[in-house]
Amino acid sequence: MLLQINVTELGSFLKYGVTGLSAIAFILSYFLLFRESSRPKPRPEIIKTIRLFMWVTVILGVVSGVSSILKPDADEDTTVVSKPKKTSPKKTVSHNSLTSSNDEYTVEIFYENPKKALAEDLADVLKDKTSYEVKVSALSTTKKSSLKITSCQIRHELQESKIAGKLKSIAENVLQDDGVEFKLKQITSSSPNYVSMFVCK
């Protein structure tokens, strides 16, 4: 037989999503045509059904291609942050607003020059209300530009969403008189247990 199909190999294509499904459909279309053409007398009704299946396959392939072109670039939200130093893990501690896990977290607050006092006030409150290491750093123009910072925000990884939400709540309570609101921005980072906050104009 010209075409040997291993079902487990076809199943592995599914990890590529719609594109993999399209590939499977194309292979099956070819297989069906090959099998039917090898018969002494091809059946017209089966050929018609195979033709319909091939059209569905073509449409699926076009949808797959268009969706991959229109998919927003994930690299824009990918930020690599310098890895903080690891310290010994802490026991679970309960605080007024935040309960920390056994993981040691570092929160780094970046500020633009006019907002230095606000950033320092926020750092003091976070040190009181959490067991996390809190750092305060000036936000350089280069860093602001490279990370595309346009407003006050908290950048976090997926597994830090809950912590980022609680940090946002604490920060906005502290800075509510100054009209500061934080946006949450999920990123992909190489630094585990690290959340960055930006206090900007």
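Reader: Why is K148 called exposed?

Author: In this predicted model, K148 has a relative accessible area of 52%. Exposed means over 50%, so K148 falls in that class, at 52%. K148 sits in the loop between α5 (141-147) and β5.

Reader: How do you know whether Q153 is buried or exposed?

Author: Look at its relative accessibility, which is 5%. The cut-off for buried is under 20%, so Q153 counts as buried. Q153 belongs to strand β5 (residues 153-156).

Reader: Which residues is Q153 in contact with, leaving aside its neighbours within four places in sequence?

Author: Those are F182, K183, K185, S196, M197 and F198. Contact here means heavy atoms within 4.5 Å.

Reader: F198 is in that list. Why is the pair of F110 and F198 called stacked?

Author: Two numbers settle that. The ring centres of F110 and F198 are 5.1 Å apart, with the planes at 15 degrees. A pair needs centres within 6.5 Å, and planes under 30 degrees apart count as stacked. So F110 and F198 are a stacked pair.

Reader: What parts does the pair of F110 and F198 tie together?

Author: F110 comes from strand β3 (residues 106-111) and F198 from strand β7 (residues 194-199), so the pair joins parts that are 88 residues apart in sequence. As for cover, F110 is buried, at 6% relative accessible area, and F198 is buried as well, at 1%.

Reader: How many aromatic pairs does the structure hold?

Author: It holds two. The other one is made by Y30 and F34, with ring centres 6.1 Å apart and planes at 25 degrees.

Reader: Why does Y30 count as partly exposed?

Author: Partly exposed is what lies between the buried limit of 20% and the exposed limit of 50%. Y30 has 42% relative accessibility, so it goes into that class. F34 goes there too, with 23%. Elsewhere in helix α2 is G20, which is buried at 3%.

Reader: What makes the meeting of E36 and R43 a salt bridge?

Author: Side chains of opposite charge can pair when their charged atoms come close. The rule asks for a nitrogen of Lys or Arg within 4 Å of a carboxyl oxygen of Asp or Glu. E36 and R43 meet at 2.9 Å, N to O. R39 and E36 pass as well, at 3.8 Å.

Reader: Which residues are linked in a network of salt bridges?

Author: E36, R39 and R43 are. E36 is buried, at 3% relative accessibility, whereas R39 is partly exposed at 37% and R43 is partly exposed at 32%.

Reader: How many salt bridges does the count come to?

Author: The count is four. One of them joins E172 and K168, at 3.3 Å, N to O. These two residues are four apart in helix α6 (residues 161-174), so about one helical turn separates them.

Reader: Which residues form the nonpolar patch on the surface?

Author: F26, W55, V58, V62, V66, I69 and L70 do, with about 740 Å² of accessible area together. Helix α3 (residues 44-70) gives the most to the patch, with six residues. A patch residue needs over 30% relative accessible area. L70, in helix α3, has 65%, so L70 is exposed.

Reader: What is the mean pLDDT of the protein chain?

Author: The mean is 75, and 77% of the residues reach 70 or more.

How values were computed. Residues are numbered from 1 along each chain as its sequence is written. This is a predicted model: local features need pLDDT of at least 70, side-chain atom pairs count only at pLDDT 80 or more; totals for chains, interfaces and linings use all residues. Side-chain values use heavy atoms; hydrogens and water are left out. Buried means under 20% relative accessible area, exposed over 50%, partly exposed in between (1.4 Å probe, protein chains only). pLDDT is the predictor's confidence in each residue, from 0 to 100. Patches are made of residues with over 30% relative accessible area and no salt bridge: like charges are joined within 9 Å, nonpolar side chains (Val, Leu, Ile, Met, Phe, Trp, Tyr) within 5 Å. Accessible areas come from the Shrake-Rupley method with a 1.4 Å probe; for residues, only the protein chains shown count as cover. A salt bridge is a side-chain nitrogen of Lys or Arg within 4 Å of a carboxyl oxygen of Asp or Glu. Rings of Phe, Tyr and Trp (its six-membered ring) pair if their centres lie within 6.5 Å; planes under 30 degrees apart count as stacked, over 60 as edge-to-face and the rest as tilted.
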